[in-house]
Amino acid sequence: MGRSGRQAAGDWKRNAEYEKDREYLACVRDILDSGIFQSMDQYVQHGATTCREHCLQVSYLTYRICRDRGWDARAGARAGLLHDFFLYDWHTHARDTGNRFHGLTHPRTARDNAVRWFQIPEKEQNLILRHMWPLTPVPPRYKEGFALLYADKVCTAAEVAAQAGAAFAMALRPRQLG
Ligand SMILES: [Fe+2]
Ligand SMILES: [Fe+2]
């Protein structure tokens with residue numbers, strides 16, 4: 001990833017840079033403004049990051065990677081926002097439903113929800129459906145799908161590292177005296 005991609009990953013929470021990026025917002029405004037997308041704030045994805053925040057980070061990073069290469073940045077942005085649009089708490093999903101294979105099944109659930117709520121085209125569906133490759137066996141059909149794979153891994157690693165860092169800091173905090 002080039003400097004712009006790394007910068008996007010690091011800048012997102014500090015500056016909410018996406019909020020000032022009019023071209024990005026023009027691609028995704030309908031999704032961002034919808035109640036169903038905002039409802040993902042009730043589900044934690046990793047650490048202190050909600051599903052909505054995670055999807056925003058992944059979307060904006062995918063968008064910038066694609067834009068910088070002259071790829072279909074709009075498809076990357078929209079599929080990024082909806083790639084984890086499964087609409088449940090995956091931490092309790094196995095206990096609640098008996099489905100122990102969230103990692104394998106959630107791309108299809110997210111794709112089906114995205115079609116239902118936003119009528120997305122085939123290309124964006126493919127990006128969502130294949131975003132867990134190689135855990136799921138079929139790779140993305142489009143190069144933008146590989147940008148999404150990459151952005152998802154980078155953002156997930158950053159979220160998990162932040163959680164581990166916070167736990168580490170708590171473990172090292174000075175004990176109260178007395
Ligand atoms: Fe996912
Ligand atoms: Fe994800």
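Trainee: Where is Gln 119 found?
Mentor: Gln 119 lies in the loop between helix 7 and helix 8. Helices (H or I, at least four residues) and strands (E, at least two) are DSSP runs, numbered from the N terminus. One caution: this is a predicted model, in which local features need pLDDT of at least 70, side-chain atom pairs count only at pLDDT 80 or more, and totals for chains, interfaces and linings use all residues. Residues are numbered from 1 along each chain as its sequence is written, while chains are lettered from A and ligands numbered from 1 in the order in which they are written.

Trainee: Why does Gln 119 count as exposed?
Mentor: Count C-beta atoms, placed from the backbone. A residue is buried if 20 or more others lie within 10 Å of its own, exposed if 12 or fewer, and partly exposed in between. Gln 119 has 7 such neighbours, so it is exposed.

Trainee: What is the phi of Gln 119?
Mentor: About 50°, a positive value, although Gln 119 is not a glycine.

Trainee: Which loop holds Leu 87, and what is its phi?
Mentor: Leu 87 sits in the loop between helix 5 and helix 6 (93–97). Its phi is positive, near 65°, and Leu 87 is not glycine.

Trainee: Why is Leu 87 called partly exposed?
Mentor: Leu 87 has 17 C-beta neighbours inside 10 Å, so it counts as partly exposed.

Trainee: What makes Tyr 142 buried?
Mentor: Tyr 142 has 20 other C-beta atoms within 10 Å, so it counts as buried. Tyr 142 is in the loop between helix 8 and helix 9.

Trainee: Which residues does Tyr 142 touch?
Mentor: Leave out residues up to four places away in sequence, and Tyr 142 touches Lys 123, Asn 126 and Leu 127. Two residues are in contact if their C-beta atoms, placed from the backbone, lie within 7 Å. Take Arg 130 as well: 12 residues separate Tyr 142 and Arg 130 along the chain, and their C-alpha atoms are 9.8 Å apart.

Trainee: What kind of peptide bond joins Trp 133 and Pro 134?
Mentor: A cis bond, with omega about 10°. Pro 134 is in the loop between helix 8 and helix 9.

Trainee: Why is helix 5 called largely enclosed?
Mentor: Helix 5 covers residues 73–82, and nine of its 10 residues are buried, so the rest of the structure largely encloses it. Among the buried ones are Ala 73, Gly 76 and Leu 82.

Trainee: What covers those buried residues of helix 5?
Mentor: The cover includes helix 2 (22–32), helix 3 (35–38), helix 4 (51–69), helix 7 (102–118), helix 8 (122–129) and helix 9 (143–172).

Trainee: How do you know that helix 4 and helix 5 are roughly antiparallel?
Mentor: Start with the axes, which are lines fitted to C-alpha atoms, for helices over the stretch in contact. Angles run from 0 to 180 degrees between N-to-C directions. Under 35 degrees counts as roughly parallel, over 145 as roughly antiparallel, 65 to 115 as roughly perpendicular, and the rest as oblique. The axes of helix 4 and helix 5 cross at roughly 165° and come within 7 Å. Helix 4 and helix 5 are therefore roughly antiparallel.

Trainee: Which residues make that contact of helix 4 with helix 5?
Mentor: From helix 4, they include Cys 55, Val 58 and Tyr 63, and from helix 5, Ala 73, Gly 76 and Leu 81 are among them. By class, the contact of helix 4 with helix 5 has eight nonpolar, four polar and one charged. Ala, Val, Leu, Ile, Met, Phe, Trp, Tyr, Cys and Pro count as nonpolar, Asp, Glu, Lys and Arg as charged, and the others, Gly among them, as polar.

Trainee: How many helices and strands does the chain have?
Mentor: Nine helices and two strands. Of the 178 residues, 36% count as buried.
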